[in-house]
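Welcome! Please take a look at the sequence and the 3D structure below, and then let us walk through some of the details together.

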Amino acid sequence: MLKAFFTDSEESKFITEHRRQQLRNSLNRKVEFFLPRIQTALTNPELAEKAICTYTAMVKWAPGSAISIEFVQAIFTQFIINQSTTQVSVDCLKRIFLRRTDSASIFDRFKYIILESLSTVKLPTGLLITNIPTVLKFAISICYRYMMPIEKMIIQSSDTKSQQYLTSIITTILSVRDN
């Protein structure tokens with residue numbers, strides 16, 4: 001029900017822009033009310049897909065502070081690897097890191113986690129999550145849009161792991177072209 005309300009308040013043709021802005025402002029004051037409920041729903045396998053869809057609808061208008069490290073890590077480590085929640089998980093990540101007006105600043109907070117996850121999280125079969133076509137497309141989009149901040153992070157960091165993560169992702173992306 002929340003997903004429908006969040007989506008309708010953003011996309012309905014029957015709401016004026018003034019009313020839409022009033023709804024956003026009202027909802028922004030209630031984010032702390034919604035987040036624990038969504039988190040609780042995520043712990044239930046039967047509700048996880050709907051919870052991710054609700055969160056995706058909410059992050060269209062929610063402040064960047066509503067996007068937590070724990071949630072992004074859970075998307076990568078628990079939900080992308082689950083076949084029933086893969087697509088909604090990727091859609092959620094796209095909404096957060098590619099489709100918001102403040103996606104670049106949000107990406108800046110999560111860039112290391114994203115690189116690490118795309119290059120280390122494995123499916124139950126032992127393959128990397130970038131073997132899923134939608135995850136690979138997401139990885140390509142992330143690299144295309146944020147290569148400069150990623151390179152800057154790697155140059156400024158003395159951590160060799162981030163270099164290894166980027167090398168792994170780029171190798172995966174380039175190997176697709178060869179096939």
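## A guided look inside

Asp108 is partly exposed, with a relative accessible area of 45%; here buried means under 20% relative accessible area, exposed over 50%, and partly exposed in between, using a 1.4 Å probe and protein chains only. What you see is a predicted model, in which local features need pLDDT of at least 70 and side-chain atom pairs count only at pLDDT 80 or more, while totals for chains, interfaces and linings use all residues. Residues are numbered from 1 along each chain as its sequence is written, and side-chain values use heavy atoms, with hydrogens and water left out.

**Charged pairs**

Asp108 has a partner: Lys111 forms a salt bridge with it, and the closest N and O atoms are 2.5 Å apart. A salt bridge here is a side-chain nitrogen of Lys or Arg within 4 Å of a carboxyl oxygen of Asp or Glu. Because Lys111 and Asp108 are 3 residues apart in helix H7, about one helical turn separates them. Helices (H or I, at least four residues) and strands (E, at least two) are DSSP runs, numbered from the N terminus. How many salt bridges does a search of the whole structure find? The search finds 2, and the other pair joins Asp102 to Arg100, with the closest N and O atoms 2.8 Å apart.

Here is the relative accessibility of these residues:

| Residue | Relative accessibility | Class |
|---|---|---|
| Asp102 | 25% | partly exposed |
| Arg100 | 9% | buried |
| Lys111 | 15% | buried |
| Asp108 | 45% | partly exposed |

Lys94 is buried yet has no salt bridge, and Asp91, the nearest side chain of opposite charge, is 4.5 Å away. For this count, Lys and Arg are positive and Asp and Glu negative, with His and the chain ends not counted. Leaving aside neighbours within four places in sequence, Lys94 is in contact with Arg99 and Phe138, where contact means heavy atoms within 4.5 Å.

**The nonpolar core**

In soluble globular proteins, nonpolar side chains tend to be buried together. A nonpolar core is a set of buried Ala, Val, Leu, Ile, Met, Phe, Trp, Tyr and Cys residues joined through side-chain atoms within 4.5 Å. The largest one here has 55 residues, and Tyr55, Met58, Phe76, Ile80, Phe97 and Leu118 touch the most other members. Elements giving two or more residues to this core include helix H3 (31-42), helix H5 (69-79) and helix H9 (160-178). Which helix gives the largest share? That is H8, with 10 residues.

**Cysteines and a threonine**

A search of the whole structure finds 0 disulfides, a disulfide being a pair of cysteine sulfur atoms within 2.5 Å. Cys92 is buried, with a relative accessible area of 0%, and Cys143 is buried at 9%.

Cys92 is also touched by Thr56, along with Val88, Asp91 and Arg95, not counting residues up to four places away in sequence. Thr56 sits in helix H4 and is buried, with a relative accessible area of 12%.
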